[in-house]
Amino acid sequence: MKISTKIQVAIFGCLLIGQSLMAQEKRPNIIVIVADDLGYATTGAFGSDGTHVKTPNIDKIASGGAKFTNAYVTASVCGPSRSGLLTGRYQERFGVYANTDTQKGSAVPASEKVMGYYFKKAGYTTAAIGKWHVGVKLPGQHPLDRGFDKYYGFNSAQTDYFNSPILFDGNEKVKKHDYLTFQFTNEAISFIDSAKKKPFFMYLAYNAVHGPNQAPDDYMAKFKHLSKSDQVKAAMVAALDDSVGKLLDELKNKGLEENTLIFFMSDNGGLPTWWKGSNAPWRGFKREQWEGGCHVQFMMRWPAKIKAGQVRQELTSSLDVLTTSMAAAGIDNSKSYKLDGANLLPVFNQPKKQVVHESLFWAGSHVPREEGAKMDEDFEKDNAPPSWAVCSGKWKLVQMMAEGEPMLYNLEEDPAETKDVISQNTAIAKKMSKDFAFWYKDMATPITWDKAYYEQLKTVK
C-alpha cells in the first residue's frame with residue numbers, strides 16, 4: 001500500500017520529535033575536577049588579576065555556567081575533604097577527622113559507598129584519575145573495588161611530579177610517566193575516547209598545585225620575570241589551566257560539550273607560602289578553621305541545562321556534588337543512602353538566592369599559627385588541637401579549643417573574620433552551639449585521631 005506524501009511527512013516529523021526528545025532525555029556525562037591546595041583567588045574567575053598567572057581555561061567553566069561564591073569543603077586538609085566529597089557524607093560520620101595514614105588503610109572504610117558505586121550501578125562507565133588519598137590497603141578500599149572501571153593515580157598526600165614511585169594504573173605500578181598534571185589529563189582524555197558510546201562519570205583529582213613545587217622547564221620559562229619561588233607556583237597553575245583547556249577542547253571536538261556536567265573546585269584553601277593575596281579575601285589558609293581553610297572556589301558548567309554567566313551566593317558544600325550529579329543522571333537518591341548533600345540544580349531556575357543548607361558543620365583539628373608565620377608546605381600534624389565551626393546564613397561560630405572561647409562572625413559584614421561579635425549576639429551563638437552539639441551526636445569515634453580531642457568536642461553545649 002502506497003503511503004501518501006502527507007502521511008510520510010507526518011511520520012518523518014514524529015520521528016524527528018522523538019529523536020529530539022530522546023536527545024533531551026539523554027543522561028549527561030559527568031566530570032568532577034578537583035584541584036589540590038588551589039587558593040581562592042588564584043584563578044581569574046575568583047579574583048586573580050593575572051599578575052602572576054592567567055587561567056582562561058578554568059575561567060571558562062565559570063563563565064560558561066555558574067560560579068558559587070559561598071561554597072565550602074568539609075575540612076581544611078586533603079584527606080578528610082576528599083572523604084566527604086567522594087561519599088557525599090560528612091566524613092566524621094565514619095571517623096575521619098584529620099589526615100590519616102592511608103598506606104595503612106586508616107581512611108574511608110570499605111563499608112562507605114563512594115561516587116563510583118552509584119554511577120556504575122546506574123550503567124555509567126566510570127573512572128577515578130589522580131590523587132586518591134582515602135585508602136587502598138584494606139579489602140574493598142581500592143577504587144576498582146568501589147565502582148570505578150578505571151583507576152590511574154596514587155594513594156597518598158603527595159608524590160613527585162616527574163618520577164612518582166607510588167603511581168598505579170589499576171593494580172600495576174607505573175614505571176615511566178609524563179609530568180603528572182599532563183599525564184592525568186592524557187589519561188582522562190583516553191578514558192573519554194573509550195567511553196564515548198555510553199554515559200561516563202569521571203573523578204579527576206589533580207595533585208596540582210600541592211607540593212612538591214615542580215614544573216616543566218618550558219612552563220618555568222614563561223614566568224622567569226617572577227621571583228624563583230613564585231615562578232614555579234605560577235608554572236604549576238598554568239600547567240593545570242592548560243590541562244583543563246585540553247580537556248574542554250576534547251569534549252567540544254567529540255561533540256560531548258553540550259551534555260557534559262562539569263564541576264571544578266579545590267579540596268581546601270591555599271597555603272600561606274604562596275604569593276600575597278592568593279587566598280584572598282579570607283583569613284587563614286589550609287589546615288586552619290578560618291574561612292581560608294574551607295571556603296573554596298566552586299564552579300559548575302552544563303550547557304544543556306545551566307544558563308551561562310551565573311553567579312550564585314547560596315550556602316553550598318562539596319557534599320552537594322554527589323547529590324547533584326545523581327539528580328542530573330536520574331539516579332534515585334534514596335534516603336537509605338543517608339547522603340548529606342543537596343541537589344543544586346533547582347537553584348538555577350530561581351532569580352533570587354535560595355536556601356540550600358540551613359547550616360554547615362565542621363569538626364576537626366586546627367594547626368595554630370601566628371599571623372604572618374611561615375608554614376612548610378609538606379607539614380602535616382594529625383594530632384593538632386581540636387576545633388569546630390558552624391555556618392548558618394550570614395553567621396559563623398567557630399572555636400579553636402586550644403586558643404580560647406568560641407567566636408562569632410557576621411560574614412556578610414566581616415568576611416575576613418576580623419571582629420568577634422559574640423558578646424552582642426549571645427542568643428544566636430547559643431543556638432548555633434546547640435545545633436553543633438545535636439549534629440555531633442551522630443558522628444563516629446575517630447579512626448586514628450586522638451580520642452581525647454573527640455571527647456573535648458562532646459563538651460560543646
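Student: Does Trp 282 count as buried or exposed, and at what relative accessibility?

Tutor: Trp 282 counts as buried, at 14% relative accessibility. Buried means under 20% relative accessible area, exposed over 50% and partly exposed in between, with a 1.4 Å probe and protein chains only. The model is predicted, so local features need pLDDT of at least 70 and side-chain atom pairs count only at pLDDT 80 or more, whereas totals for chains, interfaces and linings use all residues. Residues are numbered from 1 along each chain as its sequence is written, and side-chain values use heavy atoms, with hydrogens and water left out.

The structure holds 28 aromatic pairs. Tyr 40 is buried, with a relative accessible area of 7%. A pair requires rings of Phe, Tyr or Trp (its six-membered ring) with centres within 6.5 Å; planes under 30 degrees apart are stacked, over 60 edge-to-face and the rest tilted. Helices (H or I, at least four residues) and strands (E, at least two) are DSSP runs, numbered from the N terminus.

Tyr 152 and Phe 184 form another edge-to-face pair, with 6.3 Å between centres and 80° between planes. Because Tyr 152 lies in strand β4 (residues 150-154) and Phe 184 in helix α5 (residues 180-195), this pair ties together parts that are 32 residues apart in sequence. Both Tyr 152 and Phe 184 are buried.

Rings also meet charges. The charged end of Arg 283 sits over the ring of Trp 290, 3.6 Å from its centre, and Lys 113 lies over the face of Tyr 117, 5.3 Å from the ring centre. The criterion is NZ of Lys or CZ of Arg within 6 Å of the ring centre and within 35 degrees of the ring normal.

Ring pairs also join Tyr 90, Tyr 97, Phe 361, Trp 388, Phe 436, Trp 439, Tyr 440 and Tyr 454 into a cluster. Of these, Trp 388 is in β13, where it is the bridge partner of Ala 363. Strand β12 (residues 360-365) and β13 pair in the antiparallel sense over 6 bridges; strands pair if DSSP finds at least two bridges between them. In β13 (residues 386-392), 6 of the 7 residues are buried. Another 6 bridges join β13 to strand β14 (residues 395-400), also antiparallel, with Cys 391 opposite Lys 396 in β14. These two strands form a hairpin with 2 residues between them, and Gly 393 in the turn has a positive phi of about 60°.

On confidence, the mean pLDDT (the predictor's confidence in each residue, from 0 to 100) is 90, and 89% of residues reach 70 or more. Over residues 5-24 pLDDT stays under 50, and the model has 2 contacts beyond four places in sequence for them; contact means heavy atoms within 4.5 Å. Residues 375-380 also stay under 50, but have 22 such contacts.
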